[in-house]
Amino acid sequence: MSGMPSSADVPIRCDGHEASWPERLHGTSVEALYVHVPFCVRKCAYCDFSSWATPRDDALMERYLDALCAHLGDACDAGLLTQCWTAYVGGGTPSMLAPSDLGRLVRTMRAAAPHLRELTCEANPDSLTDEVLRTLVKSGVTRVSIGVQSLQDDELVALGRLHDARQAEERVAAAVACGLDVSVDLMCATPLQTDERWLDTLRRACALGVGHVSVYPLQIEEGTALGREVGDADPDWNDSEVQAHRMELAEELLTGKGYARYEVASYALPGKACAHNQAYWSGRPYLGLGTGASSMLTAEAYEALRGPWPRLPKRREDAARVRLTVTSPRDALACNHSLASLDAEVELLTANQAAAEDLMLSMRMARGADPGLLQHARQLLGEETLDDAVCWCQARGLAHWEDGRLVPTHEGWLMGNELYGALWDLAEGTPITIETS
């Protein structure tokens, strides 16, 4: 398939074992770790993430980092990180932390999860100084994901970004020169953008020597500065057809330069696909720490987590998978140097719901659903039920068979929500949600 990643890009657990789909519902260790840093210099106009504008000298940041490091210790002591091979520091803007604090966090992650093969840190150009880059390399980061968004100055102003195009290009080039694997995030269907300016941004980004490019349409979210500005209007520059066209332009340009689309919004040169991205979409359990961070855990891993976090609700016997989101705000989290006092929202999924979810998530990947997942889903959901859903997707041109895999088509890529919904609808009932507070 055009755009298929090489076999080297397919995630393999740190012990060299490729877990079968039934095995992914068991095991006490997660395979991926996410740590959330909720601080920003300024909130971008479009952002609805769990992040807040915070003065650089605010003591809350250091206290929050102290708590995160303690929570990593709790997870390590519970045996949750023995098979963890990929980690991600996200935000917010981790690169705005004091370099000493950022380095301490990364070293703590390395110590808690000693088998990490990939460790990514998010950064913004305005705070990715040479000192921060040296800290990232020295502390053990292997990959940096830089929020560029655009290389047009007026578009950056409209998005509320702090950097300009010159600074973005200079900082990306500096990260590449440090020997890090570098990814850039670019946004389309934004105010002032045209096809020509979008293509110019893409070309200039590729010229910087990055191995990975993520492209995604701007989503206008309620409650953001941009959402308030737009109100109930449906601006032409963000129309769904404009979004689809700009995504197609990006695919044509990037594949022409040797990047393969391996995930719905991500392109990589050979060997440069993000293992952490792939872990999320391939049924591998992961742990999220920090305010707003989410986890997907096996039943066994959830029981292990309840050791240091006894406030978590008891798992129902039919729950094969547990999704968990930390709901304690950043100031409360900073005051709790153990997981025991934190609040969370817990969602319990049956084995059937987990299988439907895995099918849905696999459609985010260019390689689609492999034969092992399809066989596992047939056993749980029923052969006729699954085949009817697949036929429905085929009839609408959303997916097709290729070498035993169910693979999203070009139309399925552009109309992902319709494809994802058809497969999630195979789940029986609704997951049970419980809050600790």
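A189 is buried, with a relative accessible area of 0%. The model is predicted. A189 sits in the loop between β7 (181-188) and α6 (195-206). Its backbone stands out too: phi of A189 is near 60°, a positive value in a residue other than glycine. Most residues other than glycine have a negative phi, and most peptide bonds are trans.

Q149 belongs to strand β6 (residues 143-149). Is Q149 buried or exposed? Q149 is buried, because its relative accessible area of 5% falls under 20%.

## A cis peptide bond

Which residues does a cis peptide bond join? The bond links G91 and G92, and its omega is about 20°. G92 lies in the loop between β4 (86-91) and α2 (99-112).

## Helices α2 and α3

Two packed helices are described by the angle between their axes and the distance between the axes. For α2 and helix α3 (residues 130-139), the axes come within 9 Å and cross at roughly 20°. That angle is under 35 degrees, so α2 is roughly parallel to α3. The crossing of α2 and α3 is right-handed.

Which residues make the contact? From α2 come P99, L102, G103, V106, R107 and R110. From α3 come E131, V132, T135, L136 and S139. By class, the contact of α2 with α3 has five nonpolar, three polar and three charged residues.

## Helices α12 and α16

Another helix pair joins α12 (residues 351-362) and α16 (residues 416-424). Their axes come within 8 Å and cross at roughly 160°. Angles over 145 degrees count as roughly antiparallel, so α12 and α16 are roughly antiparallel to each other. The crossing of α12 and α16 is right-handed.

On the α12 side, the contact is made by Q353, A356, E357, L359 and M360. On the α16 side, Y420, L423 and W424 take part. The residues of the contact of α12 with α16 divide into six nonpolar, one polar and one charged.

How do strand β15 (residues 399-402) and strand β16 (residues 405-408) pair? They pair in the antiparallel sense, over four bridges. H400 stands opposite V407 in β16. W401 has L406 in β16 as its bridge partner. In a regular strand the side chains alternate between the two faces of the sheet.

Two residues lie between the strands of this hairpin. What is the phi of D403 there? D403 takes a positive phi, near 55°.

E251 is in helix α8 (residues 240-256). Its relative accessibility is 17%, so E251 counts as buried. The cut-off for buried is under 20%.

Which residues does E251 touch, leaving aside its neighbours within four places in sequence? E251 is in contact with R261, Y267, H410 and W413.

## Pairs set apart in sequence

A273 is placed in the loop between β10 (266-268) and α9 (275-281). A273 is buried, with a relative accessible area of 10%. How far apart are A273 and S183 in sequence and in space? They are 90 residues apart in sequence. In space, A273 and S183 are 9.4 Å apart, C-alpha to C-alpha.

E170 is found in helix α5 (residues 165-177). E170 is partly exposed, with a relative accessible area of 39%. E170 and L128 are 42 residues apart in sequence. Their C-alpha atoms are 10 Å apart in space.

Methods:
Residues are numbered from 1 along each chain as its sequence is written. This is a predicted model: local features need pLDDT of at least 70, side-chain atom pairs count only at pLDDT 80 or more; totals for chains, interfaces and linings use all residues. Side-chain values use heavy atoms; hydrogens and water are left out. Axes are lines fitted to C-alpha atoms, for helices over the stretch in contact, and angles run from 0 to 180 degrees between N-to-C directions. Angles under 35 degrees count as roughly parallel, over 145 as roughly antiparallel, 65 to 115 as roughly perpendicular and the rest as oblique. A crossing is left-handed if the near helix is turned anticlockwise from the far one by less than a right angle, and right-handed if clockwise. Contact means heavy atoms within 4.5 Å. Ala, Val, Leu, Ile, Met, Phe, Trp, Tyr, Cys and Pro count as nonpolar, Asp, Glu, Lys and Arg as charged, and the others, Gly among them, as polar. Two strands pair if DSSP finds at least two bridges between them. Buried means under 20% relative accessible area, exposed over 50%, partly exposed in between (1.4 Å probe, protein chains only).
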